[in-house]
Amino acid sequence: IENKNNLEGTDPMEEVMKQRDDEEKKKDASSAMHHIQESKTREELRYRPVIVGICGGTGSGKTTLTKAIVERLGAEHVSLISHDSYYKDLQHLTVEERANVNFDHPDALDSSLLHQHLCQLKEGLPVKCPVYDFTTHSRQLDKYEMVNPSKIVLVDGILIFAEPCLL
């Protein structure tokens, strides 16, 4: 019988080995597919920015800490946004009325616009941050600061953790 199988080219041992090879190839393909899916997930996470909030009162060292982080990590890896840029425009008020506004209250800031901009940065889109003029308590409507997405987005401000939409 053995010779007959050999003459016909169907060695039973070869058949078993071929089946094992086929099973191994299927396992390898399945493993490779799993690895590709896992890598995609890792790659997506790698490019999704980390948003770091730096909060504290006036003179608490927010700017010093922010500069140290940028220096340590490199400006090419960090985007900066200041909640101060999002004070509401008060041009519609008289100078006297502007002077009476409580700028330490969350209502003085346009946190919903900041939230929108942070969402855009998380999606990899650049944003146009408003430029606020503290001497006139108004936004410079014809100016903005372009902020590009990066691996790390630093957000500083005295009230960033007082706003539920920013948490």
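This is a predicted model: local features need pLDDT of at least 70, side-chain atom pairs count only at pLDDT 80 or more; totals for chains, interfaces and linings use all residues.
The side chain of Thr66 reaches the backbone oxygen of Lys62 at 2.8 Å. Thr66 lies in helix H3, and with a relative accessibility of 10% it counts as buried, because buried means under 20%. Leaving aside neighbours within four places in sequence, Thr66 is in contact with Ile54, Leu80, Leu154 and Asp156.

Helix H3 covers residues 62-73, and its 12 residues, at 1.5 Å a residue, should span 16 Å. The C-alpha atoms at its ends are 16 Å apart, in agreement with that expectation. Its buried residues are Lys62, Thr66 and Val70. Viewed down the axis of H3, these buried residues fall within an arc of 65 degrees, so they line one face of the helix. On the other side of H3, the residues Thr64, Lys67, Glu71 and Arg72 are exposed. The cover over the buried residues of H3 includes strand S1 (50-55), strand S2 (78-82) and strand S5 (152-157). Just after H3 comes Gly74, with a positive phi of about 95 degrees.

Helix H5 can be read in the same terms. At 1.5 Å a residue, its 12 residues should span 16 Å, and the distance between its end C-alpha atoms, 16 Å, agrees. Buried in H5 are Ser111, Leu113, Leu114, His117, Leu118 and Leu121. Seen down the axis of H5, they fall within an arc of 155 degrees, so they line one face of the helix. What covers the buried residues of H5 includes S1, S2, S3, S4 and S5. After H5 comes Gly124, whose phi is positive, near 85 degrees.

The largest nonpolar core has 13 residues, of which Ile81, Leu114, Leu118 and Leu121 touch the most other members. Two or more residues of this core come from each of helix H5 (111-122), strand S3 (127-133) and S5. H5 gives the most, with 4 residues. As for Leu118, once its neighbours within four places in sequence are set aside, it is in contact with Ile51, Ile81, Val153, Val155 and Leu166. A second, separate core has 7 residues, among them Leu90, Phe103, Leu109 and Tyr132.

Side chains of opposite charge can pair when their charged atoms come close. Here the count comes to 1 salt bridge. In it the side chains of Arg139 and Asp110 meet, at 3.5 Å from N to O. The pair joins distant parts of the chain, 29 residues apart: Arg139 is in strand S4 (residues 138-147), whereas Asp110 is in the loop between helix H4 (95-99) and H5. Both Arg139 and Asp110 are buried.

The last stop is Cys165, in the segment after S5. Where does Cys165 make contact, leaving aside its neighbours within four places in sequence? The residues it touches are Ser111, Ser112 and His115. Cys165 and His115 are 50 residues apart in sequence, while their C-alpha atoms are 6.5 Å apart in space. Of the residues that Cys165 contacts, Ser111 is one of the buried residues of H5.

Technical notes. Residues are numbered from 1 along each chain as its sequence is written. Side-chain values use heavy atoms; hydrogens and water are left out. The expected span of a helix is 1.5 Å times one less than its number of residues. Buried means under 20% relative accessible area, exposed over 50%, partly exposed in between (1.4 Å probe, protein chains only). The arc is that of the directions from the helix axis to the C-beta atoms. Contact means heavy atoms within 4.5 Å. A nonpolar core is a set of buried Ala, Val, Leu, Ile, Met, Phe, Trp, Tyr and Cys residues joined through side-chain atoms within 4.5 Å. A polar contact is a pair of N or O atoms within 3.5 Å; within protein, one must be able to donate a hydrogen and the other to accept it, and residues adjacent in sequence count only if both atoms are side-chain atoms. A salt bridge is a side-chain nitrogen of Lys or Arg within 4 Å of a carboxyl oxygen of Asp or Glu.
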